Amino acid sequence: MTCTSAAIAPHIAVAIVGYRNPNDVHACILALARSTHLNFSVVICENGGEPAFHALRRLLPETLPGGQPVRVLSAPDNPGYGAGVNRCLREAPDADAWWVLNPDTEPQAQAMAALARRLAHGFDAVGGVLRAPDGSIAGYGGRWRPWMARAVALGQGDRRRDAVDPARVERRQNYLSGASMMIGRRFLATTGPLREDYFLFCEEVEWCLRARARGMRLGFASEAVVLHRQGSTTGSARPVANRARGPVYLDARNQMLLTRDLWAWRLPVAAPVALMMLAAQYLRRGAWRQFTDSLAGWAAGLAGERGRPHWFAN
C-alpha cells in the first residue's frame, strides 16, 4: 500500500475474466455495486469472442451507481484464464491492489473492505470465505500437497456460521483461491504475473507457491464472504460422471505441470500417487470416460505439454 491517502481508502481494481456467461458477470457486478468500499474500478476481460464481448457490453453499465467505472475488454482468441487476468492487471497499473474475482461469484457488501484491511496488516495477498449456494463453506484458503500433486480447499463442506480464526487459516494455507484473492503491489512486483501456459486450472496455486518462495505473506480475512457458484463456466462442479473432457483433462495435466515447474524432483513419487487418486476419483463412480480424459491429461503433463489443447473449443 502507498503511504498516502490511498492507505486509508486504497483504490482497488477488480479483475474479472468471463467466458460467454454474461448473466454471471452481471450478477457479480450488481453485488459489487453494493460494496461498502467505494474506491474501486472494474476491468473485465471477455475470453469468449466478439459476439460474447458485445453481448456483455450491452448488458453491463459503463459506470456503477457509486461512480465506479466498468471497463470490458475483448480477447477473441481465448488465451486462457491466466492471460485474461494478466490483461486486466495491465489495464489498471496504478491501482493500490487488485481483486481477482471469478465471474460466478457474488461478494457480500463488506468483502472488499475486509480484504483491503487485512492486506494493509503486512500481507502481500489475501483471501476470504467462499460459500457455496447451499450455505456450506467452499473454502477458506487452500493447501497444496506436493507429494500428492493435489490441491485441498480448507474448510470445504463446513457449515459453521461463526467466524473462523484468521491466524489458524494463515498457518495452514499455502495458496489462495483464484475465485477471490486480493493482491498488493509488492506481490505483483516481486512474483510477476500469472503463468499463461497452463490455460485453465492451477494457475493461482502456482502463483501463490511461487510468491511464498519469494517471501510473500498470504493473509485471510474472515469477514470477506463471497458466494461462489463454482464451475458455472467450466462445468467442473458437475457430478463426476457428467464432467466434460476439457476441465477433467486440464485439471489432471496442470497438476503435473505445477509439480514439474516447482518440484520436478518429486515427480517420481507425486506422479504415481496422483494417478492412483485419479483412478479412485473416477473409477469408483463408474466415470470411465472421465478417467480416460484425466489419464490423457496426466500423461500430457508429464510430457510437458502446455497451452490450450488443439481440440479445445475456442
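A residue is called buried when its relative accessible area is under 20%, exposed when that area is over 50%, and partly exposed in between, as judged with a 1.4 Å probe on protein chains only. The model shown is predicted, so that local features need pLDDT of at least 70 and side-chain atom pairs count only at pLDDT 80 or more, whereas totals for chains, interfaces and linings use all residues. Residues are numbered from 1 along each chain as its sequence is written, and side-chain values use heavy atoms, with hydrogens and water left out.

**View 1. Glu 206 in helix H7 (residues 203-213).** Glu 206 counts as buried because its relative accessibility is 2%. Its side chain makes a polar contact with the side chain of Arg 210 at 2.8 Å; such a contact is a pair of N or O atoms within 3.5 Å, where, within protein, one must be able to donate a hydrogen and the other to accept it, and residues adjacent in sequence count only if both atoms are side-chain atoms. Leaving aside residues up to four places away in sequence, Glu 206 touches Arg 195, Tyr 198, Leu 258 and Leu 262, contact meaning heavy atoms within 4.5 Å.

**View 2. Asp 158 in the loop between strand E9 (150-153) and helix H5 (166-172).** Helices (H or I, at least four residues) and strands (E, at least two) are DSSP runs, numbered from the N terminus. Asp 158 counts as partly exposed because its relative accessibility is 22%. When residues up to four places away in sequence are not counted, Asp 158 touches Ser 136, Ile 137 and Tyr 140.
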